[in-house]
Amino acid sequence: MKLTSLPSEFQKALPILSKIQEAGFQAYFVGGCVRDVLLNHPIHDVDIASSAYPQEIKDLFERTVDVGIEHGTVLVLEGGQEYEITTFRTEEEYVDYRRPSQVHFVRSLEEDLKRRDFTINALALDSEGHLVDLFHGLEDLEAKVIRAVGLAQERFQEDALRIMRGFRFQASLGFDLESETFQAMMACAPLLEKIAIERIFIEFEKLLLADSWARGFSSLLAANAFLYLPGFELESQGLYTFLEKVRSDFSFTSSAQAWAAMLYHFDNKQAGPILKAWKTSRDFQKQVLELLEILKKREKGLLSAWDCYMYQDDLLYKAEDIRMAINLETNSQYVTDTLADLAIRDKQEIVVTGRTLIQEEGIQPGPLMGQALKDVERAIVKGDLPNEKAAILAFVKERMHD
């Protein structure tokens, strides 16, 4: 097969391939970028593989960075663009189900392609648009099937993260998992415990944010892979309820929203510990937990003005979208109207400060002053007190005397 025209991203990179070829080496576009071109999907990264060894690449180009030279990857800076060029390689036994014990650079494209995870990612394209497809990846693309290269169980034993990648590709592409590949994913699922949770989180996040997230999530459950993910082994019912309740055509707009929608169906007390077990950032945990708080408050009715004031605007709308996704009553217009009616949006907007109370009223700093200022903030937000100096000072005096 030959492509009649190459996408602009590839055309910009053609001088790179030409320079490598003129030096007597082979060079191809490889992997996901080739897959995406054949699917007419946007290209995110242009990856190039070559028979040239890392030092040979460095000798050819003036500006390079050793981003992963021990694994054969050199970053080439050319024409205002960055291109990762990786030497054809083979890999010896994987000692930790993630990294090979040793990498060998080779001159053979076939040897390089046979070490890849799935047939749809084991594709190469030369500078003239000729497709190199040694493992029937094009057939699998046309059949919308995700199939491991060679013996599936060997691929997942080499790198157990490929199990999560398989679920993620199913979610992002809307493909089916080939039977033997799925069976191998199920058999090797316990190996996920050997993989750094940060790497698993990245794949799981991409799965949740994909258009066909429900398809990938369903396979993850069917393969019992969830049993080897932190905190999920005791929440099987919550996972199945999440899949059942959330509309499969709903697309999450952020990772925090997706996680909140999932954890909403878990035991309330487990959300915090699970997020920590996944080693998520404090900011991410804060967003997810606040979304869960909003969802719990919404169970009792519309939010108060104080609730709308306390949470970030986008979290309020994300919570309403989650409710829509699980077919509950929503009222985003109420949120918009309530936010618009707030007298202040931040306590910095209050015309009286602690300094004012000290200078004009002689009130000493301390817990009583702090509580008085909090009462002022709440009263203004609720509409019980105008944001005016005289009114606030009178309000504080009354509180201090009480």
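A salt bridge here is a side-chain nitrogen of Lys or Arg within 4 Å of a carboxyl oxygen of Asp or Glu. By that rule, Arg155 pairs with Glu154, with 3.5 Å between the closest N and O atoms, and a search of the whole structure finds 26 salt bridges. Please keep in mind that this is a predicted model, in which local features need pLDDT of at least 70, side-chain atom pairs count only at pLDDT 80 or more, and totals for chains, interfaces and linings use all residues. Residues are numbered from 1 along each chain as its sequence is written, and side-chain values use heavy atoms, with hydrogens and water left out.

**Salt bridges**

- Arg162 and Glu158 form a salt bridge at 2.8 Å, N to O, and both residues are buried.
- Glu290 and Lys286 meet at 2.9 Å, N to O; both sit in helix α14 (residues 282-298), four residues apart, about one turn of the helix.
- In that pair, Glu290 is buried at 14%, while Lys286 is partly exposed at 45%.
- Salt bridges also link Asp117, Arg165, Arg168 and Glu203 in a network.

**Aromatic pairs**

- The whole structure holds 25 aromatic pairs (rings of Phe, Tyr and Trp, the last by its six-membered ring, with centres within 6.5 Å; planes under 30 degrees apart are stacked, over 60 edge-to-face, the rest tilted).
- Phe10 and Phe29 are stacked, 4.0 Å centre to centre with 5 degrees between the planes.
- This pair links distant parts of the chain, 19 residues apart: Phe10 is in helix α1 (residues 8-22) and Phe29 in strand β1 (residues 27-30) (helices, H or I of at least four residues, and strands, E of at least two, are DSSP runs numbered from the N terminus).
- Both Phe10 and Phe29 are buried.
- Phe118 and Phe169 pair edge-to-face, at 6.0 Å centre to centre and 85 degrees between the planes.
- Phe118 lies in the loop between α4 (109-113) and β8 (123-125) and Phe169 in helix α7 (residues 161-173), so their pair ties together parts 51 residues apart in sequence.
- Phe118 is buried at 0% relative accessibility, and Phe169 is buried at 3%.

**Charges over rings**

- Arg168 lies over the face of Phe169, 4.5 Å from the ring centre (NZ of Lys or CZ of Arg within 6 Å of the ring centre and within 35 degrees of the ring normal).
- Arg107 lies over the face of Tyr53, at 3.9 Å from the ring centre.

Methods: Buried means under 20% relative accessible area, exposed over 50%, partly exposed in between (1.4 Å probe, protein chains only).
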